[in-house]
Amino acid sequence: MSSDQVTCNAYEPAKIEPKWQDFWAKNKTFRAVDCDATREKVYVLDMFPYPSGAGLHVGHPEGYTASDIWCRYKRMKGYNVLHAMGWDAFGLPAEQYAVKTGTHPEITTAKNIKTFKRQLEAFGFSFDWDREIRTCDPGYYKWTQWIFSKLFEKGLAYESFQPVNWCPALGTVLANEEVINGRSEVGNYPVERKPIRQWVLKITEYAEKLLEGLEGLEWPEGTLEMQRNWIGRSTGAHVDFLVKGHEGLKITVYTTRPDTLFGATYMVLAPEHELVKKITTEEQRQAVEEYAEAARHKSDMDRTELNKDKTGVFTGAYAIDPVNGREIPVWISDYVLASYGTGAIMAVPEHDTRDFAFAKKFNLPIICVLKPTEAECQAAGVSLEDVLAGKVCWTGDGVHCNSANDQGLDLNGMNLEEAKKAINQWLEEKGVGKATVNFRLRDWLFSRQRYWGEPFPLVHYPDGHVGLVPEEQLPVVLPELEDYKPTENGEPPLARAKEWLKWTDPKTGEVCTRETNTMPQWAGSCWYYLRYIDPHNDKQGWDPEKEKYWMPVDLYVGGAEHAVLHLLYSRFWHHVLYDLGLVSTPEPWKRLIHQGMILGISYKDARGVLVPNDLVEARDGKFFHKETGEELTSLPAKMSKSLKNVVNPDDVIRQYGADAFRLYEMFMGPLREVKPWSTQGVEGVYRFLHRFWRMCIDTDTGALAPQVDDTPLTRDQERLLHQTIKKVSEDIESLSYNTAISQLMVFQNEFSKLEHRNRQALETAILLLSPMAPHICEELWSRFGHQDTLAYHAWPAFDSEKLKVDEVEILVQLNGKPKVRMMVPAQADKEQLLALVHANPEVQALLEGKTLVKEIAVPGRLVGLVVR
C-alpha cells in the first residue's frame, strides 16, 4: 500500500480525504469478485439517481451513506460485497431542455452525470465504479429492448388507444404534472384528453403472483401495505344489467357487495364508456355530449381525488336490476373512469357516502338494505328510523332487509357472508352474474410520445401486424433529430426521422415502419440491479452463473416515494424473467429500507406565508423579513429551489469534510425517520472528529500522541472497550447508526482523559469508526504503522466475559426507605448478599435494638429489611 503521508499534523480533511479517495480509485479497493466460492456474498443496492441539472442536495446522500456503512462493515466481516452505482439517465427534464435550447439530451445528461459522480466520489462511497451503468447507453438499453421482446413474445404487451394530455397550442403531449386545472403549465393553454395509440403491459396477469410474493419479504410494513392496496385484490361479482329498449344490450358492473343489489337505485357510466352513445336518448344527447367533452379536458386526478363536487348528466336510458326487475336511471359522471373496473357502477346510495351525495344532489331514490341495531345507530349518533328511511347514509354493516324477490331469493335477516354466498349462487343460476376475484391494479401504460427514451424493438408491417426486430439487430438506436417536439398532428418526435422509420424485413423483403413511441423512464430502472452483476457483457444481459451467485439483493435502500410504482413494476419484470428461467429467484430484493427525508429550514410570516430564505436575516437569535422587517417563524420544510432552502453538499464538504458530513447525517436520528438539517449539528460531529484525532495523534508533530503506548488496560477500560465493540457491531448490523456513533463518542471521551492510552484499544476504535468516517480512519491506521488498507481488516470481536463488572452498587432499604448504598461483588447470590449487608457497620447500627421481621434480597440491585 502506498503510504504517502499528507502534510498535516492537525486534522485537515481537505488534505486527508482526496488522498484516500485517490488511493481507493487507483487500487480498485472495492472491486467485487464474481462467483467467489471462498466467501459468502452480500449484494447491497441503492436506488440509483436521475442526474438532474441541480446536482445533489444534502438529502440525497443519506441513503447512500447508510448503505455504504453497511457495505464497509460487511467487508470487514469477511463478506464478498457487491455495491455499484449507475444513472437512471432517460428522463423528461433533459428532453424539455432540448426542446427549449436545441441541446441534445445526451449532452445535457452526460454533463449532469459528471457533476453527480464528482459529488458522490467526494463522499468516499465504496462503490465498485467498474460496474457503473447509465440507462441511456445503447449497450445498456439493448438489453432493455431484449427484455421487452421477451414480454412481447409471452403475450404480455399489446396496443391500445389510451387518453393522454394533448395540448394543441404547444403541439405536444404533457405529463400529468405539467397540467394545472386543465391548462398547460407553460403558456396556460387549454389541454384536452385525446386517445393516442399506446403500448400497454399486462401486469394484471401477474397480480396474484405479485401479491403472494410479498409474503416473507423483509420490507417496511407500510410499504408492503401500499403494494397490497395498489394491487387491490377483492372478491365480489360481475353483474349484468339489461338496458331497457335495447334488446340484448347489457351493462356489466363489478361490485364487492352484490348482496346490496336490492338497494341499487341508479347506475353511473364513465363519460367515455363505449355504450354511452348507443343508449343516450335524443332528448339528452346534447347535454351528454357537452358533459363528455368537458370531462375530456380533466386529468384522472381532477376527476377522482380532487373532485369534491359530484356532477353528472342523465342519459335518458334505464337499466333493469336483475334481482327485482326495477328500472333504474343510467347517468354519466366524471368520477367514474373507463380505465377502472368495467367503467360502470351500480349505485347503492344508502350505504355509500359518494353515491348518497350524488343521489341527494339529483333527487334520486335511496333504499336501505342493511339494518343496523339501535345500539350501533346510537354509537354513530343517528337514529334507526332515519337510516331505514334513507335520510342518513349508513356505511356500517347490518342484517339484510328489503332484500327478497319472488324468484327464490331472500336475503332478509342474513349477515354479510351468508348473503354474499346466497346472492352469488342465485346470480350464477340465473346467468346474470358470476362470483369474481378482481384487482384494483390496471395494466401498465408503457409508452411515451417522447424522444429521450428507449426505442421499442418493434416494426409495423404493411398488413397491420406488429413484429419484433431480430435480436441480432439490437439495439435499435435513437436517431439524431433537430426538433424534439411531437409532430404537428401529435405523432411522437421519432416520426420526424423519415429514413430511420424505414425497416426492411431481411426474410420477406417487406418494407416496414418502426414504432415511434418510446419506453417510459421506468423501463431502465426495472432491471438495473441485474446489469450491475455483469455490466460489460455484450453477449447477454447477464451471465446466469453470476446472477445465481449474487441474487437476490440482500439490502435495498431508497426513498419511500418509490414504495409503489418502481417496486411493483420492477417486481413484475423479475417475475416474468423468473417464469422464463432467466433469473434464479422469484423476488429481486430480500430486505428493503427507506431512509427518512432530511428537511431544510424555512420561514413563514404571521399569515403563514413561506418566505424565501434569501429574504431572511437573523438578528439577536430571531429572524426577520429583509424588506418588511416583520419577525418570522422558522420551521422544517422540504428542500426546494423556490424557497431557496436547499443546502449544497459541496459547501458542507468544503467546510467540514466528507467524514463529518457522513457522520452527521447518520447521527441526526434513526435512519428511517424524517429529520431537519442543522449546520450547527455538522459542527458538533466535526469537533468530535478533531478530538478523536487528538486522542491518537500529536498535533505538533503529526506522529502518535505520546500517551499512546502498550500499557495494559485496567478492568474498567477493558470493559468499556468491549462494550463499545458490542454496541457498535449490533447497531451497524441493524442500521442504528446514531446510537453506534454515540457509543464511540463515549469511548473517545473516556480514553482521551487517560495518561496511558493502550495502542491496541485505539486501533480497535479506529476500526469501529471506519465504516462511518473512512477517510480519517484510513489515515490514522496508516499512522499507526499499518501498510494495508483497513477496508478488509477483520472486524473486532467482543469478549462477553470482559463485559462483566466485578462490583455493583446496591441499595439497602429499611422499612421501605433508602438508608445505605454499598458495593458488593457483582455475582453475589441472595445468601451472600444478605451476609455482606449484615456485616456492614452502617446497617448494624440501624438494626441495633430492633427486631428483624423480614428481609428481601434482589441480587445486583437492593436488599430490603423490615424491622419493628
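1. The largest cavity is lined by Glu665, Met666, Gly669, Leu671, Leu735, Tyr737 and Asn738, and about 30 Å³ of space lies in it. A cavity here is a set of points on a 1 Å grid over the protein atoms alone where a 1.4 Å probe fits but cannot get out, and lining residues have an atom within 4 Å of a point; grid points are joined across faces, edges and corners, and the volume is the space filled by probe spheres set on the points. A search of the whole structure finds 1 cavity of 30 Å³ or more. By class, the lining has 4 nonpolar, 2 polar and 1 charged residues, where Ala, Val, Leu, Ile, Met, Phe, Trp, Tyr, Cys and Pro count as nonpolar, Asp, Glu, Lys and Arg as charged, and the others, Gly among them, as polar.

2. This is a predicted model, in which local features need pLDDT of at least 70 and side-chain atom pairs count only at pLDDT 80 or more, while totals for chains, interfaces and linings use all residues. Residues are numbered from 1 along each chain as its sequence is written, and side-chain values use heavy atoms, with hydrogens and water left out.

3. Helix 21 (658–667) and helix 24 (737–751) each supply at least two residues of the lining of the largest cavity; helices (H or I, at least four residues) and strands (E, at least two) are DSSP runs, numbered from the N terminus. Leu663, Met666 and Phe667 of helix 21 meet Tyr737, Asn738, Ile741, Ser742 and Met745 of helix 24, contact meaning heavy atoms within 4.5 Å. The residues of this contact divide into 6 nonpolar, 2 polar and no charged.

4. Helix 22 (residues 679–696) and helix 26 (residues 774–783) pack at an angle of about 5 degrees, with their axes 11 Å apart. Helix 22 and helix 26 are therefore roughly parallel to each other, given that angles under 35 degrees count as roughly parallel, over 145 as roughly antiparallel, 65 to 115 as roughly perpendicular and the rest as oblique. Leu689, Phe692, Trp693 and Cys696 make the contact from helix 22, and Ile776, Glu779, Leu780 and Arg783 from helix 26; by class there are 6 nonpolar, no polar and 2 charged residues.

5. The axes of helix 23 (residues 715–733) and helix 25 (residues 759–769) come within 11 Å and cross at roughly 10 degrees, and the two helices are therefore roughly parallel to each other. Leu721, Thr724, Ile725, Val728 and Ile732 of helix 23 meet Ala761, Thr764 and Leu768 of helix 25, a contact with 6 nonpolar, 2 polar and no charged residues.

6. An open sheet of 4 strands has the order 35-34-37-36, and its pairing is mixed; two strands pair if DSSP finds at least two bridges between them. Strand 35 (817–825) and strand 36 (852–858) stand at the edges, each with a single partner strand, so one side of each is left without a neighbour in the sheet. The twist averages 20 degrees from one strand to the next. Helix 27 (residues 830–838) packs on this sheet, touching strand 34 (807–814), strand 35, strand 36 and strand 37, and its direction makes about 125 degrees with that of strand 36.

7. Within that sheet, strand 34 and strand 35 run antiparallel and are joined by 8 bridges, with Met823 of strand 35 as the bridge partner of Glu809. Their hairpin has 2 residues between the strands, and Asn815 takes a positive phi near 50 degrees there. Strand 36 is joined by 6 bridges to strand 37 (residues 862–867), again antiparallel, and Leu865 in strand 37 is the bridge partner of Glu855.

8. Another open sheet of 4 strands has the order 21-20-23-22 with antiparallel pairing. Its edge strands, strand 21 (466–468) and strand 22 (502–504), each pair on one side only, and the twist averages 45 degrees from one strand to the next. Helix 5 (residues 138–153) lies across strand 20 (458–460) and strand 21, running at about 130 degrees to strand 21.

Notes
Axes are lines fitted to C-alpha atoms, for helices over the stretch in contact, and angles run from 0 to 180 degrees between N-to-C directions. On a 1 Å grid over the protein atoms alone, a cavity is a set of points where a 1.4 Å probe fits but cannot get out, and a pocket is an open set with protein on both sides within 12 Å along at least five of seven lines; lining residues have an atom within 4 Å of a point.
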